[in-house]
Amino acid sequence: MDERDAIYPVALAGLLHDIGKFAQRAGWMKGAHPEVGGEFVRQLVPQAWREGLYPVMGHHDKPLQGYATKLVALADRLSAGERIPQEEEQPLFLRSIFCSLTADGQQAPRVLYWPLQCLKMTREAIFPRDLVEFPSAEDGYRRLWGEFTGEARRLMEAHQANGSLPVYLESLLLLLQRYTWCVPSASYRSMPDVSLYDHSRITAGLAVCLLGTGEAALDGMLNALEDWFRARQKDSSAPAPAILEGTKVALLVGGDISGVQDFIYTITARGATSALRGRSFYLQLLTEAVARYVLRRLGLPITNLIYQGGGHFYLLARPNDLDRLEEVRREVSRVLLAHHRGDLYLALEAVPLTAADFYDGRISGQWEELGQGLRQAKQRRFAELGAELVDLFQPEGHGGNEEECQVCGREHPETEEEKEDTRTRKCPPCRSYEGLGKDLRRARYLWMAQVEPAASGKLLKVTPGGWEEVLAAFGMRAGAVENVSKVPDTGGPRWILALKDEAMDGLQPDARTVVGRRLLVNVTPILTDEEHRELRGKVPDLPTPGSVKPFSVMAYQSRGIRRLGVLRMDVDNLGKLFSEGLGNQATLSRVAALSFAISLFFEGWVEVLAERPGKKEGRDRLYSIYSGGDDLFFVGSWDAVAELARAIRADFSRFAAEHPGVHASAGIALVGGKYPLYQAAEDAGRAEKQAKALRWRDESGGRRTKDAISFLGQAVPWQRFGTEACEEENRQTVHGLAHLLDHLTASGGDGKGAPKALLQILIRLQEQYQEVAEGRARLGEDRNRAREPQVYYGPWMWRGYYFLKRMARRLERERGEASWVVNDLAEGLYGENFQAIEWIGLAARWAELLGRE
Ligand SMILES: [Zn+2]
């Protein structure tokens with residue numbers, strides 16, 4: 001068989017090599033897992049592709065038979081690294097990968113496991129739990145296997161007559177993701193923290209990279225691995241044999257689109273609200289289109305893609321793909337330069353991996369090196385085009401008559417004034433992003449179709465086109481639709497991916513359609529007829545009902561002061577989690593498992609939080625501009641945005657097995673509905689930085705940084721701010737106290753509560769404290785002898801205490817409850833050594849803003 005013809009069969013073999021383990025645990029058949037796997041192939045893989053798979057199922061036989069079997073056997077060993085042996089037999093549940101992480105010098109307090117559930121965005125399915133909470137593993141496996149084989153059979157039938165192996169492979173990959181994301185690949189006496197899905201896809205990817213390695217070299221590496229492991233049992237530091245150190249087995253390729261933030265946010269307020277969402281979604285599509293373009297140009301299957309999302313992708317290529325990769329880099333640059341005139345750039349780099357790099361955690365070092373390469377590449381944007389660049393700056397025919405777009409500020413010959421609404425002049429690209437944002441309003445499916453790429457060996461002298469033209473240049477058409485019937489028939493391979501769990505029901509695989517679920521946070525508030533009637537005359541420039549809700553409306557619908565909240569949030573020290581967190585247990589599969597877990601939260605669960613039906617006031621007042629990878633950007637009514645941030649932080653902890661070293665920081669900026677968004681994005685970015693710069697002490701006196709939120713200009717640790725996991729009205733948290741004060745002063749008028757002056761006293765108290773504290777910090781007097789920061793006593797503290805006591809006394813007669821609370825406040829302030837003075841004013845300001853008419 002020609003090497004190129006072997007690519008897909010080998011990938012399929014890698015993907016299915018361990019399927020027998022799943023079947024075995026479900027009690028589907030008796031026998032060793034390779035035999036059971038063989039039976040799966042016989043019953044559930046289309047006939048045309050069965051033959052090549054049988055021998056591979058014997059990838060543990062000694063001696064190994066056949067070239068493909070050896071490829072898969074070596075890929076399997078490299079993917080798993082050296083499995084971590086455990087003294088005791090391990091449970092058949094997947095251990096949360098967060099429980100394998102060391103971060104901030106700490107570990108998760110207890111080991112939690114993921115339930116045996118098909119991948120769905122429900123709390124029951126994706127939050128890890130204690131083993132004792134699970135029913136028996138056997139029942140779980142039986143149910144999961146039943147559902148999986150049902151779908152595998154449908155897929156086989158779709159491809160039985162006239163199938164397409166690439167389409168089948170990707171559909172099967174998505175099926176494995178859905179059903180084996182929670183199935184441990186290793187068990188018995190190995191650490192069960194990598195899923196069968198992650199292990200299988202990495203094995204498939206590596207097997208394809210190894211294709212082309214001579215059989216003698218494969219034998220040499222397999223034997224050397226065995227020798228090495230035997231030597232390590234006596235001496236754990238035994239060096240790797242030369243063949244493992246010297247033979248390159250794969251390239252770890254990274255792609256990173258730069259200019260993303262400016263591209264999304266640097267538009268004027270004259271653009272429609274949908275433009276932002278459209279721009280952000282286009283970047284997601286672009287990342288995917290470019291990643292798939294690279295795979296296609298290198299002749300690699302989808303199983304070689306390790307991760308794609310949020311402007312990044314990682315994939316596995318063959319050691320000798322380096323030259324081709326350089327060509328591809330130039331092709332991508334030409335398209336981006338032609339359509340985005342230098343605003344967007346793809347850094348594309350690779351590091352070679354030897355067999356030894358898959359052991360002892362060395363893969364993290366390679367990952368780190370790739371990251372450095374990408375950072376450097378961004379410094380030399382478009383350098384790969386060399387002399388071609390000079391050509392680009394030659395004056396072109398057009399010019400002169402180009403009109404400036406009032407949204408992006410760029411000139412374009414086809415800039416036109418819009419007829420309806422605001423008569424804004426917009427260029428074709430800007431119009432196209434708005435259209436995409438509108439399509440996302442009610443989208444339930446994402447579709448993509450493969451077309452012939454228009455990318456070329458020459459610099460394109462085209463005027464910048466809309467998103468559809470750019471994707472087409474990379475060989476992709478795409479769109480977001482509400483119904484499957486709206487997906488166009490393009491004749492070639494296509495993808496239909498459900499954006500909601502319920503939408504899966506409407507999908508049926510066929511021989512050229514990949515179907516599956518795509519996680520995407522798509523929370524779009526829509527202006528209803530009712531709201532339109534109610535707001536007419538109150539909010540200027542209202543668009544027609546059914547449009548994406550403008551920022552001015554979300555600001556108007558806030559509680560209290562009418563402001564927009566802009567939230568930015570991301571995982572703290574993410575790079576370090578990846579490069580150091582897994583220590584010498586880092587394997588490619590484990591790294592992939594960690595990135596899959598983090599994206600599950602930010603690409604999937606965040607949407608559920610933002611749409612939670614129970615939180616009625618949060619509904620339709622939040623707009624997800626972006627959420628993916630490990631970070632997010634939301635805009636909405638400010639009070640709802642603050643609650644969303646708390647919910648996300650609380651659930652992120654629960655999702656990460658309560659690991660104290662895995663946390664996220666957030667920044668919220670409050671702005672008016674007409675404030676330019678790029679400034680709001682910068683303000684929120686600054687707030688996020690302020691949160692990340694915070695140094696604080698936890699309850700046990702340990703020094704901590706980050707894990708904080710900046711709100712209303714002040715950064716506080718989440719612990720003090722109060723996540724959603726804290727009880728409501730807990731006075732020890734900023735949130736709890738703010739709501740208590742709001743409640744208390746809101747009822748001030750009806751003779752039961754406290755006067756609003758209470759809030760002013762508390763705000764002033766903290767201000768006075770801060771003025772003095774800052775003065776002392778400038779003089780270096782803000783530390784005690786142990787160089788620890790400290791709270792100062794000053795007359796204002798006693799004054800504050802006295803004010804509160806006096807207010808409590810005055811309220812005593814008619815307003816008993818309020819009096820009690822105010823008295824408690826005074827005592828609380830005094831009792832904790834006046835520590836609350838550092839945040840009590842923040843709570844009061846929050847309450848004050850909530851109470852504004
Ligand atoms: Zn424009």
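I started at the zinc ion: its 4 donor atoms subtend angles of 107 to 114°, which makes the arrangement tetrahedral. For that label I required four donors with all angles between 85 and 135 degrees.

I noted the ground rules next. This is a predicted model, where local features need pLDDT of at least 70, side-chain atom pairs count only at pLDDT 80 or more, and totals for chains, interfaces and linings use all residues. Residues are numbered from 1 along each chain as its sequence is written, and side-chain values use heavy atoms, with hydrogens and water left out.

**Entry 1: the zinc donors**

Which protein atoms are the donors of the zinc ion? I found Cys-405 (SG), Cys-408 (SG), Cys-427 (SG) and Cys-430 (SG), lying 2.2 to 2.4 Å from the ion. Donors here are N, O and S atoms within 2.8 Å of the metal (3.2 Å for Na, K and Ca); water is not among the atoms, so sites may look incomplete. Along the chain, the spacing of the donors reads C-x2-C-x18-C-x2-C. I placed Cys-405 in the loop between strand E9 (403-404) and strand E10 (411-412), and Cys-427 in the loop between strand E12 (425-426) and helix H17 (428-439), so the pair ties together parts that are 22 residues apart in sequence. Element names follow DSSP runs, numbered from the N terminus: helices are H or I with at least four residues, strands are E with at least two.

Are Cys-405 and Cys-427 buried or exposed? Both are buried. My cut-offs: buried is under 20% relative accessible area, exposed is over 50%, partly exposed is in between (1.4 Å probe, protein chains only).

**Entry 2: the four-stranded sheet**

I then traced an open sheet of 4 strands in the order E6-E7-E5-E8, with antiparallel pairing. Two strands pair if DSSP finds at least two bridges between them. Strand E6 (305-309) and strand E8 (345-354) are the edge strands, each pairing on one side only. From one strand to the next, the twist averages 15°. Axes are lines fitted to C-alpha atoms, for helices over the stretch in contact, and angles run from 0 to 180 degrees between N-to-C directions.

I looked at E6 in detail. E6 and strand E7 (residues 312-317) run antiparallel and are joined by 4 bridges. Tyr-307 stands opposite Tyr-314 in E7, and Gln-308 has Phe-313 in E7 as its bridge partner. E6 and E7 form a hairpin with 2 residues between them. In the turn, Gly-310 has a positive phi of about 55°. How many of the 5 residues of E6 are buried? I counted 5 of 5, so I logged E6 as mostly covered.

Which strands does helix H13 touch? Helix H13 (residues 273-298) packs on the sheet and touches strand E5 (248-258), E6, E7 and E8. The direction of H13 makes about 15° with that of E7. Helix H14 (residues 322-340) also packs on the sheet, touching E5 and E8, at about 170° to the direction of E8. Contact means heavy atoms within 4.5 Å.

**Entry 3: the six-stranded sheet**

I followed a further open sheet: 6 strands in the order E18-E19-E17-E20-E23-E24, with mixed pairing. Strand E18 (622-628) and strand E24 (714-717) stand at the edges with a single partner strand each, so one side of each is left without a neighbour in the sheet. The twist averages 15° from one strand to the next. Strand E23 (residues 708-711) pairs with E24 in the antiparallel sense over 4 bridges. Ala-708 stands opposite Pro-717 in E24. Helix H24 (residues 677-692) lies across strand E17 (564-571), strand E19 (631-637), strand E20 (664-671), E23 and E24, and runs at about 140° to E20.

**Entry 4: salt bridges**

I searched the whole structure and got 51 salt bridges. The criterion is a side-chain nitrogen of Lys or Arg within 4 Å of a carboxyl oxygen of Asp or Glu.

I picked out Asp-130 and Arg-110, whose side chains meet at 2.7 Å, N to O. This pair links distant parts of the chain, 20 residues apart. Asp-130 is partly exposed at 22% relative accessibility, and Arg-110 is partly exposed at 46%.

Asp-651 and Arg-654 form a salt bridge at 2.4 Å, N to O. Both lie in helix H23 (residues 638-655), 3 residues apart, about one turn of the helix. Asp-651 is buried at 0%, whereas Arg-654 is partly exposed at 27%. I also noted one network, in which salt bridges that share partners join Glu-170, Glu-288, Arg-292 and Arg-518.

How values were computed
Four donors count as tetrahedral if all angles lie between 85 and 135 degrees; four count as square planar and six as octahedral if opposite donors are over 155 degrees apart and all others between 65 and 115; anything else is irregular.
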